[in-house]
Amino acid sequence: MLSPGTYLNHEWYRSQEGREIIRSLLQKNLVTRKTFGLLEKPNVSAQVEEVTYKIFLVGKSGVGKTSTIAKLSGNQIPTSHSETAGIQTTTIYWPGKIQQFNKVIMFKLQLWDAGEGALKKFDHIQPACLEKCDCTMYLFSFVDKSSFDDIPQNFGRFSGPKDTSCKIIMGTKFDQHAHTEITQRDIRDFEQNWKIPILKIRNIPDNDGKTDFNDVAQVLNIICEHLWYRDVLLSNKTEEGKISYC
């Protein structure tokens with residue numbers, strides 16, 4: 001598995017340079033993150049290169065896909081479950097510093113979420129979500145063992161032999177320790193067998209109903225690092241050695 005910090009400096013966002021760039025992602029209170037529309041982007045130096053990645057979230061209904069997107073994007077976390085109708089997309093900007101080149105990159109993460117009902121009812125939903133997809137994020141809930149057991153089956157359902165997207169596993173509701181149905185041994189065995197790290201997230205808001213970016217910084221760093229690593233692997237397979245972004 002890829003060791004954290006191999007390509008991205010995971011503590012860089014705490015530096016003065018990192019804080020200055022992250023300030024462009026925050027509202028005037030310097031706590032709550034901005035919401036960027038389709039044609040909007042952070043106001044950063046032209047020297048900061050922007051790269052775009054499409055991420056498709058997969059998981060059974062109620063596993064926490066919508067609340068995970070809200071947590072990662074700094075938006076209001078829903079307090080009750082409501083299945084996503086059709087396809088919903090959310091854009092998250094997150095800066096990172098590439099160790100090898102000592103260069104700051106602004107990662108533009110486009111998260112795609114489709115309701116389980118819509119995937120089953122409409123044949124065009126899944127192909128649309130998988131088209132030019134850079135990463136498939138498989139979600140399970142720590143309080144639902146069946147959602148964890150479904151992951152290997154979902155690998156076959158949402159990826160093919162020519163699939164070049166990276167795989168990320170996200171465990172939701174990690175804060176509900178008293179109700180967890182998944183042991184640390186389950187996590188360790190899965191990571192050893194599949195060579196894919198499992199990320200963990202608490203699907204709860206802060207006291208003000210929002211979420212501070214510090215709470216998800218390491219998760220975003222790991223996601224961005226795996227996307228960059230995926231491009232490095234692809235570049236090694238091309239004759240020109242160029243990294244391509246969609």
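Helices (DSSP runs of H or I with at least four residues) and strands (DSSP runs of E with at least two) are numbered from the N terminus. This is a predicted model, in which local features need pLDDT of at least 70 and side-chain atom pairs count only at pLDDT 80 or more, while totals for chains, interfaces and linings use all residues. Residues are numbered from 1 along each chain as its sequence is written, and side-chain values use heavy atoms, with hydrogens and water left out.

Figure 1. Read from the N terminus, the elements follow the order α-β-α-β-β-α-α-β-α-α-β-α-β-α. The C-alpha atoms fill a box of roughly 50 × 45 × 40 Å along the principal axes. The radius of gyration, taken over C-alpha atoms, is 18 Å, which agrees with the value near 18 Å for a compact globule of 246 residues under the rule of 2.2 Å times the number of residues to the power 0.38. Buried residues (under 20% relative accessible area with a 1.4 Å probe, protein chains only; exposed is over 50%, and partly exposed lies in between) make up 47% of the 246 residues. Of the contacts (heavy atoms within 4.5 Å) between residues at least 6 apart in sequence, 75% join residues at least 24 apart.

**Figure 2. Lys54 in strand β1, residues 49-58.** Lys54 is buried yet has no salt bridge, a term that requires a side-chain nitrogen of Lys or Arg within 4 Å of a carboxyl oxygen of Asp or Glu. The nearest side chain of opposite charge, that of Glu131, is 5.6 Å away. The side chain of Lys54 does reach the backbone oxygen of Ala128, at 2.8 Å, and one of its polar atoms lies 3.3 Å from the backbone oxygen of Cys129. Beyond its neighbours within four places in sequence, Lys54 is in contact with several residues, among them Gln110, Trp112, Leu130 and Asp134.

**Figure 3. The buried face of helix α7, residues 184-194.** Which residues of α7 are buried? They are Ile187, Phe190 and Glu191. The buried residues of α7 pack against β4 (135-141), α5 (145-149), α6 (151-158), β5 (166-172) and β6 (198-200).

**Figure 4. The other face of α7 and the residue after the helix.** Turned away from the buried side of α7 is a face that carries the exposed residues Arg185 and Asn193. The helix is followed by Lys195, which has a positive phi, near 60°.

Key. Lys, Arg positive; Asp, Glu negative; His and termini not counted. Polar contact = N/O pair within 3.5 Å; in protein donor to acceptor, adjacent residues only side chain to side chain.
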